[in-house]
Amino acid sequence: MATEAVSHPTYGNWRRPRRAGLGPLGLLGTFVIFGGLVATLLASLISLYAAVIVFVPVVLFLIPLAIRTQDGRNVYQLFSLRVSWWRRKAAGAHLYVSGPLSARPGGRFRPPGLLNKVNASEGRDAYDRPFGILHHPQRDLYTIVLGCDPDGGSLIDPDQVDVWVALWGEWLARLSHEPGLKGATVIVETAPDPGTRLAHEVLPRIHPNAPAAARAVMEEVVERYPSASSEMHTYVTLTYGNPAGQKRRKEDVMTELAIRIPGLLSGLVAAGGGAAYPLSAERIAEVVRVAYDPAVAADVLNARALEGGTGLEWDDAGPAVAVETVNAYQHDSGVSRTWMLTLAPRGTVRSSVLRGMLEAAPGTRRKRVALVYRAIDPATSARIVEADRRSAQFMATSGKGMVQARAASEVRAAEQTANEEAAGAGLVEFSLMLTVTVDNLEELADASVTVRNLTAASRVLMRPADRMQAAAFSCTLPAGILPWEQTLVPHELQEAL
């Protein structure tokens with residue numbers, strides 16, 4: 001009896017952006033080496049001693065630039081990171097105290113760090129639903145947060161999963177056509193069930209005249225089930241900016257975003273996002289508040305279930321005390337550590353490659369996985385894929401042996417990317433960040449082992465965001481913090497380095 005083989009769709013073909021320049025030197029190092037050679041030749045016309053004086057500093061400058069870590073950072077970048085940490089620690093910027101007893105004006109509990117200057121307001125979309133908007137005044141950026149309840153992949157046909165992935169890719173491609181969009185983040189947050197959500201849903205629905213046996217069964221289910229369950233929330237943040245040299249009123253921006261929200265939500269629903277809705281300013285503040293103080297999660301849930309809301313404002317969503325160390329971030333009732341992606345899964349993967357990482361992890365209070373997307377406009381996308389295509393063809397024709405075989409694979413991938421981009425597919429830059437929160441520092445070591453197991457199962461390489469844990473923690477919150485918008489060094493100069 002012949003059985004027909006079942007084909008499971010596979011995905012992949014992502015590529016790390018190529019760095020311009022010679023080898024690990026980058027564009028800046030390439031200019032320095034060619035400029036140094038010219039200067040050395042000119043100095044040799046004077047004397048050999050003058051040529052040595054010019055050549056030695058050039059070599060000493062290039063050696064740290066050529067030495068790179070696994071994630072691509074050179075010695076200068078590592079040194080600047082440590083110097084920045086020493087300066088912040090000497091100035092006391094790694095400590096944060098808020099509230100009435102602090103020296104900060106206002107006596108409120110504003111979120112710290114990158115979120116300290118953010119302001120929250122609320123508008124109404126085309127369906128008269130409230131939506132919160134976060135304004136980042138330093139960069140003049142506006143963020144909206146969408147919530148959704150994905151359908152999940154259990155008992156779903158592979159064909160349906162393939163359709164969802166295709167529609168999700170189409171939704172990402174649409175982001176490059178969103179006017180003023182700076183970036184998007186998809187955040188999946190998991191946590192143990194506080195034990196009260198099921199009780200609020202079941203107990204009020206038990207009829208007073210129900211049989212004693214039925215009542216006992218339902219009460220036992222309510223008592224025992226939450227201990228083994230977990231809650232999962234998915235948020236999508238979209239951050240917009242004004243065109244260069246233009247200023248717009250906040251009211252005009254809110255009106256424009258209110259018109260766009262229904263179309264964005266319909267795309268999420270079609271891509272398997274389930275019920276999608278915009279988050280109000282109060283709901284955003286609640287999510288941030290629970291992230292900084294996980295112990296209040298049950299109180300927030302009870303207030304929403306019994307009173308219809310908490311009345312929490314953005315200015316009170318931060319922690320009372322926060323302390324940043326080299327490899328951890330302590331805040332109110334939790335201690336967190338954040339990891340950043342260094343290498344995406346190689347080769348082809350299946351749709352469930354990140355399932356283990358997204359599920360609730362035992363021994364953790366809360367866990368957030370943030371996929372950060374930077375949409376690239378169609379004109380730049382075409383230029384990038386053509387440059388990658390020419391570079392891959394050059395490497396394939398100039399190498400030998402195994403190098404040539406690997407380069408031939410690069411050519412096939414570059415050709416496929418160029419064909420898909422010409423057919424209308426979008427091009428995005430993406431990264432991944434993971435934050436784990438536990439109760440105390442002693443549990444952080446076990447949580448780190450859990451994260452290593454999860455990343456190994458998902459075939460990704462990640463490293464801790466040491467000496468920048470506070471900023472990395474903010475990036476995994478649904479608040480619209482985009483890493484490349486917060487750097488002092490422009491993105492173009494970072495690529496040159």
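A salt bridge here is a side-chain nitrogen of Lys or Arg within 4 Å of a carboxyl oxygen of Asp or Glu. The close-ups below come from a predicted model, in which local features need pLDDT of at least 70 and side-chain atom pairs count only at pLDDT 80 or more, while totals for chains, interfaces and linings use all residues. Residues are numbered from 1 along each chain as its sequence is written, and side-chain values use heavy atoms, with hydrogens and water left out.

View 1. Lys-247 sits in the loop between strand E6 (230-241) and helix H7 (250-273), and Asp-140 in the loop between strand E3 (130-136) and strand E4 (141-149), so the bridge ties together parts that are 107 residues apart in sequence. Helices (H or I, at least four residues) and strands (E, at least two) are DSSP runs, numbered from the N terminus. Lys-247 is exposed, with a relative accessible area of 73%, whereas Asp-140 is buried at 15%. For these words, buried means under 20% relative accessible area, exposed over 50%, and partly exposed in between (1.4 Å probe, protein chains only).

**View 2. Salt bridges elsewhere in the model.** The rule gives 22 salt bridges. One of them links Asp-125 and Arg-129, whose closest N and O atoms are 2.9 Å apart. Asp-125 is buried at 6% relative accessible area, and Arg-129 is partly exposed at 26%. In another, Arg-283 meets Glu-286 at 3.8 Å, N to O. These two residues are 3 apart in helix H8 (residues 281-292), which means that about one helical turn separates them. Both Arg-283 and Glu-286 are buried. Look also for the network in which salt bridges with shared partners join Arg-108, Arg-110, Glu-313, Asp-315 and Asp-316.

View 3. How many cavities of 30 Å³ or more does a search of the whole structure find? There is 1, and the largest cavity has a volume of about 150 Å³. Of its 14 lining residues, Glu-231, His-233, Val-290, Arg-304 and Arg-366 are the closest to the centre. E6, H8 and helix H9 (297-307) each supply at least two residues of this lining. By class, the lining has 7 nonpolar, 1 polar and 6 charged residues; Ala, Val, Leu, Ile, Met, Phe, Trp, Tyr, Cys and Pro count as nonpolar, Asp, Glu, Lys and Arg as charged, and the others, Gly among them, as polar. A cavity is a set of points on a 1 Å grid over the protein atoms alone where a 1.4 Å probe fits but cannot get out, and lining residues have an atom within 4 Å of a point. Grid points are joined across faces, edges and corners, and the volume is the space filled by probe spheres set on the points.

**View 4. Arg-368 in strand E11 (residues 366-376).** Arg-368 is buried, with 2% relative accessibility. A polar atom of the Arg-368 side chain lies 3.2 Å from the backbone oxygen of Thr-476. Not counting residues up to four places away in sequence, Arg-368 touches several others, including Ile-187, Glu-189, Ala-291, Met-433, Phe-473 and Leu-477. Contact means heavy atoms within 4.5 Å.

**View 5. Arg-260 in helix H7.** Arg-260 is buried at 14% relative accessibility. Which side chain does that of Arg-260 join in a polar contact of 3.4 Å? The partner is Glu-178. A polar contact is a pair of N or O atoms within 3.5 Å; within protein, one must be able to donate a hydrogen and the other to accept it, and residues adjacent in sequence count only if both atoms are side-chain atoms. The Arg-260 side chain also reaches the backbone oxygen of Pro-179 at 3.0 Å. Leaving aside neighbours within four places in sequence, Arg-260 is in contact with Glu-178, Pro-179 and Tyr-240.

View 6. Asp-128 is exposed, with a relative accessible area of 52%, whereas Arg-467 is buried at 19%.

Conventions
1 Å grid on protein atoms, 1.4 Å probe; cavity = no way out; pocket = protein on both sides within 12 Å on 5 of 7 lines; lining within 4 Å.
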